[in-house]
Amino acid sequence: MAYSEKVLDHYENPRNVGIIDDDLSVGTGMVGAPACGDVMKLQIKVGDDGIIQDAKFKTYGCGSAIASSSLVTEWVKGKSLDEAGEIKNTHIAEELSLPPVKIHCSVLAEDAIAAAIEDYRQKHQ
Amino acid sequence: MEDLSIVHTWPPELETKVSNLKLPIYLDYSATTPMDERVAAKMAQYLTIDGAFGNPASRSHEFGWEAEKAVDLARQQVADLINADPRDIVWTSGATESDNLAIKGAAHFYRKKGNHIITVKTEHKAVLDTCRQLEREGYEVTYLDPEDNGLIVLDKLKAAVTSETILISVMHVNNEIGVIQDIRSIGEFARENKIIFHVDAAQSAGKVDIDMETMKVDLMSFSAHKIYGPKGIGALYVRRKPRVRLEAQMHGGGHERGLRSGTLATHQIVGMGEAFRIAKEEMASDTDRIRMLRDRLYNGLKDVEEVYLNGDYDHRIAGSLNISFNYVEGESLIMALRDLAVSSGSACTSASLEPSYVLRALGRNDELAHSSIRFTIGRFTTVEEVDYTIDLVAKAVDKLRDLSPLWDMYKDGIDLSSVEWVAH
């Protein structure tokens, strides 16, 4: 299986791997299932101004899944929650040149952001 | 092919010392093997105008006789490996065709005696898909479950037999986990009950002793390319005493006693014969060496936390090791192990999202089935390659566990089976 250079790059040098300690400023989204071979955990730290200051991820999944979630943590930093919610899986798939059989990895990454944003919003209702 | 001067952005201790290691390292001998040079040299003599290129079925001239002689010798060489008579050997295009010929051939021929077939869930697709086809034709098939160690229990097989059972098919050695079935006992049972017994020996010939004089097997499939021979050639052993009849699947000229028509590919056959000859001579020494390497690899890896061996350790061929690395996904592991040629039980490496059916049949849960790697060692594997592999795998697993939320949860003592996942 040939991996795109971008996927390999994110895999070899993943951005923002880690955990943010949970508190009111943090939104955590966990999506996927071990049975499918894909689990993504995405965390965002949101400032008082509603801008995402930091993002971290952990992923159990193939190279494309790792790359998709790594890329997403890069993209959400500096964005507002609304802007982050606009990231679509198609953008991710295009950026990483994902083949058709790996598109679901980008869909999961989009779901992960949505889950993290939703979690943050729930805390601030 | 990379050479070692290419630097990964991996921990510096992994940038290896200068050696003559050729990367990637081939550890997928169960998938196929490189031809032994002796085999290739032999085959080359049967190709061009200076060689023995004739059609073995040409009865009227020297070209045909020469080719026929080579085929006869190869037939003897294959028979010798399994202590059979050369007249029991039918040439095919490979073990897949042999499986088709054996199962469809016997099922069709004996349809008046019954329509029930027994096989095992962990068989190769060549057997399973052929059985599915027969089900579409109205046959009934029972797919037995193996135990957790991959072995089937004779009593369970016996319990599945009905008055309609005409055929049992059980592979000798499993391609994914390497376990060796007790075909001797199954053969005794089948013969007592006059049920035809087929064995797919693609992964066992040349690795495990096979003695057709004492093993009561009626049909046995062989492949050349699993044992340092060429791809595209195989054989089916068809017992003559007591006689087994088959309906031919390939018609057109009546070659191979009417069982398999088609001009014999002399060069391929000669290659298979030579590969089997070498296997007979070198099986014992090869096996000792390969087992030593495999044990070295296993010992190097088993101390990594949360590592599971798939399939029985003792009843397994010397070169095979199938291991699940928990909390790490198989395809990402394969990507991390780009310097190794191995195969994975992960769904990601096939088109569907289903993990290995063989591992599932062993009772492995989805995560463990997804995170398995099959290492198979062969004639040309070296100690250096094994040591490099141990190092590489341990570091790759570490890195991927650092990335894995499931590993975090395990470390935190969370029971993953109790989690409600938001699947998509």
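## A guided tour of chains A and B

Of the 125 residues of chain A, 48% count as buried, where buried denotes 20 or more other C-beta atoms within 10 Å of the residue's own, exposed 12 or fewer, and partly exposed a count in between, with C-beta atoms placed from the backbone. This is a predicted model, in which local features need pLDDT of at least 70, side-chain atom pairs count only at pLDDT 80 or more, and totals for chains, interfaces and linings use all residues. Residues are numbered from 1 along each chain as its sequence is written, while chains are lettered from A and ligands numbered from 1 in the order in which they are written.

**Select chain A.** Chain A has 5 helices and 3 strands; these are DSSP runs numbered from the N terminus, with helices being H or I of at least four residues and strands being E of at least two. Along the sequence, the pattern of chain A reads α-β-β-β-α-α-α-α. The radius of gyration of chain A, taken over C-alpha atoms, is 14 Å, close to the 14 Å that the globule rule gives for 125 residues, so chain A is as compact as a globular protein of that length. That rule is 2.2 Å times the number of residues to the power 0.38. Along the principal axes, the C-alpha atoms of chain A fill a box of roughly 45 × 30 × 20 Å.

**Show the side of chain A that touches chain B.** Here 28 residues of chain A are in contact with 26 residues of chain B; contact requires C-beta atoms, placed from the backbone, to lie within 7 Å. Strand 1 of chain A gives the most to this side, with 4 residues. By class, the side of chain A that touches chain B has 18 nonpolar, 6 polar and 4 charged residues. Nonpolar covers Ala, Val, Leu, Ile, Met, Phe, Trp, Tyr, Cys and Pro; charged covers Asp, Glu, Lys and Arg; the others, Gly among them, are polar.

**Colour chain B by confidence.** Chain B averages a pLDDT of 92, and 93% of the residues score at least 70; pLDDT is the predictor's confidence in each residue, from 0 to 100. Over residues 1-18 of chain B, pLDDT stays under 50. Where pLDDT is low, the predicted coordinates should not be read in detail.

**Move to the sheet of 7 strands in chain B.** This open sheet has the order 2-8-7-6-5-3-4, and its pairing is mixed; strands pair if DSSP finds at least two bridges between them. Strand 2 (89-92) and strand 4 (140-144) of chain B stand at the edges, each with a single partner strand, so one side of each is left without a neighbour in the sheet. Next, select strand 5 (residues 165-169) and strand 6 (residues 196-200) of chain B, which run parallel and are joined by 3 bridges. B:Leu167 stands opposite B:Ile196 in strand 6 of chain B.

**Continue to the sheet of 4 strands in chain B.** This open sheet has the order 9-10-13-12, with antiparallel pairing. Its edge strands are strand 9 (307-309) and strand 12 (343-344) of chain B, each of which pairs on one side only. Strand 9 and strand 10 (residues 320-325) of chain B pair in the antiparallel sense over 3 bridges. B:Tyr308 stands opposite B:Ser324 in strand 10 of chain B.

**Finish at B:Leu392.** Helix 11 (residues 383-403) of chain B holds B:Leu392. With 19 C-beta neighbours inside 10 Å, B:Leu392 counts as partly exposed. The C-alpha atoms of B:Leu392 and B:Val270 are separated by 39 Å.

Conventions. Contact = placed C-beta atoms within 7 Å.
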